[in-house]
Amino acid sequence: MSATPETKNATLFEQLGGAGAVDAAVDIFYRKVLADYRINRFFDNVDMEKQAAKQKAFLTMAFGGPHNYTGEDMRKGHENLVKMGLDDSHFDAVMEHLGATLQELNVPQALIAQVAAIAESTRNDVLGR
Amino acid sequence: MLNITLGESKISCQANETVLEALLKANIQIPYGCQQGVCQSCLMCSLDAAPPVLAQAGLKDTLQKQNYFLACLCHPEQDMTVALPEQQGALLNASVIKKQQLTPDILRLVLQYDAELTFFAGQFVNLQRFDGLMRSYSIANSPQHDKILEFHIRRLPNGQFSNWVHDELGHGTPLTLTEAQGSCHYLPGRMEQPLLLIGTGSGLAPLYGIINDALAQGHTGAIHLYHGSRNQDGLYLIDEMRGLTKQFDNFNYTACLSGACVAEQAIETGYAQGRAHDLALNANQNLKGWRVYLCGHPEMVNQSKRAAYIKGASLSDIYADAFLVSNR
Ligand SMILES: Cc1cc2nc3c(=O)[nH]c(=O)nc-3n(C[C@H](O)[C@H](O)[C@H](O)COP(=O)(O)OP(=O)(O)OC[C@H]3O[C@@H](n4cnc5c(N)ncnc54)[C@H](O)[C@@H]3O)c2cc1C
Ligand code: HEM
């Protein structure tokens with residue numbers, strides 16, 4: 001593709017491939033999360049389709065895509081999980097799966113680092129601190 | 001400028017406008033979220049024109065085939081009549097042509113309907129009694145010219161609708177039904193894909209329809225059916241399923257009994273011991289690339305969905321109908 005002004009100024013979300021990339025990543029990412037005994041109890045008793053939609057929301061946000069979540073939303077959204085004992089170790093596990101998912105999809109390291117930075121920036125809100 | 005019709009409202013959609021934008025501009029509220037084709041909360045269905053391909057990005061193939069689309073991605077190419085997913089169409093009249101006991105608790109009900117109905121085996125319709133009581137039942141047959149629908153209906157202790165069907169519904173009793181819904185059905189394409197079907201009790205109804213449909217369309221991949229019940233009394237169509245395994249090399253059938261005191265004799269005569277989904281999922285460690293159908297007991301469906309997914313099946317390849325029963 002020629003370097004049009006659009007591609008030069010492409011957002012992180014566009015560089016990753018937009019909604020299509022979220023679709024590809026959600027399948028791999030959510031499977032890793034559900035298979036991980038350290039954190040899968042947080043995902044018990046939820047409808048898988050709805051949960052997959054929420055995982056898409058999560059990835060869209062981490063990919064720098066369009067979303068309406070505020071830090072306050074992140075606090076409220078994970079409030080019950082914090083009551084269940086959600087802590088840094090669980091957050092780290094999710095970060096691990098996020099990175100591994102992007103590696104599996106052959107996303108360049110520089111972009112993975114940007115995604116990780118966005119996700120990392122929500123840590124205190126997610127953990128309710 | 002094109003016209004969009006939703007229920008009683010007719011609105012115009014400018015070039016460059018999406019259906020969602022046009023609806024919102026006309027002050028018609030429909031659910032929506034990201035407006036980028038990601039969250040799928042603005043799912044709608046076209047009742048006439050096939051929606052633009054781009055408006056169906058990311059939807060399950062069964063939904064695409066039924067003309068579902070995302071309003072936020074849809075730049076109409078012609079006039080469209082659209083509906084929200086749960087919006088029910090007209091009711092059809094139906095009458096009983098056959099009632100046959102399949103097990104002590106499960107009845108085969110065959111109805112004839114009087115108008116046009118498009119459906120796939122495995123979808124469900126809502127049956128409605130004269131007083132308005134309505135319940136969902138899965139379709140066990142493929143569409144034919146004779147306009148019949150087959151259901152397998154299990155009697156629940158004190159269940160209002162199921163007991164009425166078993167005991168009172170007769171040849172002359174008026175009955176109505178809604179349009180077919182749901183995405184749990186067979187679709188041709190990817191004929192070599194292995195299929196895993198797990199059902200408990202009357203959950204065999206949709207699977208029976210899906211299997212016959214797949215075989216009739218020449219599916220070449222392996223097809224594995226696991227049908228489970230607590231005891232021998234709960235299984236049915238056994239001879240017919242065994243017959244199919246002889247007729248089709250790619251069809252495999254496992255009848256599963258989960259009861260504690262399953263007679264040894266039962267095992268000797270070809271039943272597997274254990275719960276259908278445990279047996280099915282233990283026999284297949286890697287489900288990457290498989291298509292999975294799960295029907296019947298909600299807990300079985302939910303557990304299996306998760307397990308099949310973790311074993312590699314992608315979510316868009318897992319079709320499930322949990323036979324949810326309302327809690328009074
Ligand atoms: C998409 C879909 C497809 C379906 N397809 C079929 C089908 O093909 N065949 C079929 O038989 N059913 C099917 N069902 C279930 C069906 O719709 C009814 O829910 C079922 O027949 C019970 O209705 P009822 O009026 O007889 O019971 P209700 O009058 O609604 O009462 C049910 C009562 O039984 C209780 N109960 C719940 N579970 C059990 C149980 N396992 N044993 C005993 N009691 C229980 C409930 O708490 C409730 O009090 C399907 C459901 C859905 C959602
Ligand atoms: C890495 C930072 C994280 C971000 C940016 C994030 C983002 C999100 C978003 C956007 C939602 C959807 C909210 C909604 O629309 O309802 C969500 C829900 C959820 N998240 Fe997170 N999340 C993060 C970390 C975690 C961690 C560490 C866990 C647990 C191990 C977790 C578990 C969940 C669960 C279970 C839900 C669903 C809650 C429900 O259904 O009520 N999240 N998250």
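I took two strands as paired if DSSP finds at least two bridges between them. The model I examined is a predicted one.

**Entry 1: a strand pair.** I looked up Ile198(B) and found that its bridge partner in S13(B) is Tyr226(B). I then followed the two strands concerned: S12 (residues 195-200) and S13 (residues 223-229) of chain B pair in the parallel sense, over six bridges.

**Entry 2: the sheet.** I traced an open sheet of six strands in chain B, with parallel pairing and the order S15-S14-S13-S12-S16-S17. At its edges I noted strand S15 (272-273) and strand S17 (318-322) of chain B, each of which pairs on one side only.

**Entry 3: helices on the sheet.** I found helix H5 (residues 238-247) of chain B packed on the sheet, where it touches S13 and strand S14 (251-257) of chain B. The direction of H5 makes about 150 degrees with that of S14(B). I also recorded helix H7 (residues 276-283) of chain B, which lies across S12, S13, S14 and S15 of chain B and runs at about 150 degrees to S13(B).

**Entry 4: ligand 1.** I listed 22 residues around ligand 1, of which Ser136(B), Tyr137(B), Gln160(B), Phe161(B) and Ser162(B) come nearest. By class, I recorded 10 nonpolar, nine polar and three charged residues in this shell. S9(B) gives the largest share, four residues.

**Entry 5: polar atoms at ligand 1.** I noted a nitrogen atom of ligand 1 at 2.8 Å from a polar backbone atom of His152(B). An oxygen atom of the ligand lies 2.7 Å from a polar backbone atom of Gln160(B). I recorded that the protein covers 81% of the 1,000 Å² of accessible area that ligand 1 has on its own.

Terms used. Residues are numbered from 1 along each chain as its sequence is written. Chains are lettered from A and ligands numbered from 1 in the order in which they are written. This is a predicted model: local features need pLDDT of at least 70, side-chain atom pairs count only at pLDDT 80 or more; totals for chains, interfaces and linings use all residues. Side-chain values use heavy atoms; hydrogens and water are left out. Contact means heavy atoms within 4.5 Å. Axes are lines fitted to C-alpha atoms, for helices over the stretch in contact, and angles run from 0 to 180 degrees between N-to-C directions. A residue is near a molecule or strand if one of its heavy atoms lies within 4 Å of it. A polar contact is a pair of N or O atoms within 3.5 Å; within protein, one must be able to donate a hydrogen and the other to accept it, and residues adjacent in sequence count only if both atoms are side-chain atoms. Accessible areas come from the Shrake-Rupley method with a 1.4 Å probe; for residues, only the protein chains shown count as cover. Ala, Val, Leu, Ile, Met, Phe, Trp, Tyr, Cys and Pro count as nonpolar, Asp, Glu, Lys and Arg as charged, and the others, Gly among them, as polar.
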